[in-house]
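User: Could you walk me through this model, starting with how its strands pair up?

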Amino acid sequence: MTMTGGGFGVKYLAAALALGLVFSGTVAKAQTRIGGVDTTFRFLGSNDRVVIDRYDDPDVPNVSCYVSRAETGGVKGSLGLAEDPSRFSIACRAVGPVSWPTNLPKKQRIFTSSLSVFFKTLEVYRLLDADKKVILYVVISSRLKDGSPYNSITAVPTGPTP
């Protein structure tokens, strides 16, 4: 039996899975869920929530970033099919002594997390301000095709260079 016309779906699914495998290897450490607060009651499925996740910078010891973001509930949210809003906040803090990082790129994506089954991701980038010896973190949302202008930024000062 041969497939005519129906092969497109199989090819699309295979490409999507391959793309997912490529992107899944870009994160050094997984997030830690700190907790959440319900915002909207839903009769069916889970409630809408604001959740807080912690990400530890994999290349800068003693820096932890806390990201709050909305999670859509309801039936679609409970099944993992809802698209979460692209609104979030980030606060990165020194949880111990932080030294100016050496041999790191000036800009680097350090965390990524899926926000929907339709290729929407939350991404955290690290940027270095060498003049002021400050490490900046920005959180954005992106899709396979286009991103969102919503973002949030935070800064972590470091000690003087040795």
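**Strands and core**

User: How many bridges join β5 to β6?

Analyst: β5 and β6 run antiparallel and are joined by seven bridges (strands are DSSP runs of E with at least two residues, numbered from the N terminus, and two of them pair if DSSP finds at least two bridges between them). This is a predicted model, in which local features need pLDDT of at least 70 and side-chain atom pairs count only at pLDDT 80 or more, while totals for chains, interfaces and linings use all residues. Residues are numbered from 1 along each chain as its sequence is written, and side-chain values use heavy atoms, leaving out hydrogens and water.

User: Ok, and which residue in β6 does F111 stand opposite?

Analyst: F111 stands opposite V124.

User: What about β6 and β7?

Analyst: Those two strands also run antiparallel, with nine bridges between them, and R126 has Y137 in β7 as its bridge partner.

User: Is β6 mostly covered or uncovered?

Analyst: β6 is mostly covered, since seven of its nine residues are buried (under 20% relative accessible area, with a 1.4 Å probe and protein chains only).

User: New topic: which residues have the most contacts inside the largest nonpolar core?

Analyst: They are V63, I90, V124 and Y137, in a core of 19 residues (buried Ala, Val, Leu, Ile, Met, Phe, Trp, Tyr and Cys joined through side-chain atoms within 4.5 Å). At least two residues of this core come from each of β3, β4, β5, β6 and β7.

User: What does I90 touch?

Analyst: Leaving aside neighbours within four places in sequence, I90 is in contact (heavy atoms within 4.5 Å) with several residues, including V124, Y137 and V139.

Key. Buried means under 20% relative accessible area, exposed over 50%, partly exposed in between (1.4 Å probe, protein chains only). Helices (H or I, at least four residues) and strands (E, at least two) are DSSP runs, numbered from the N terminus.
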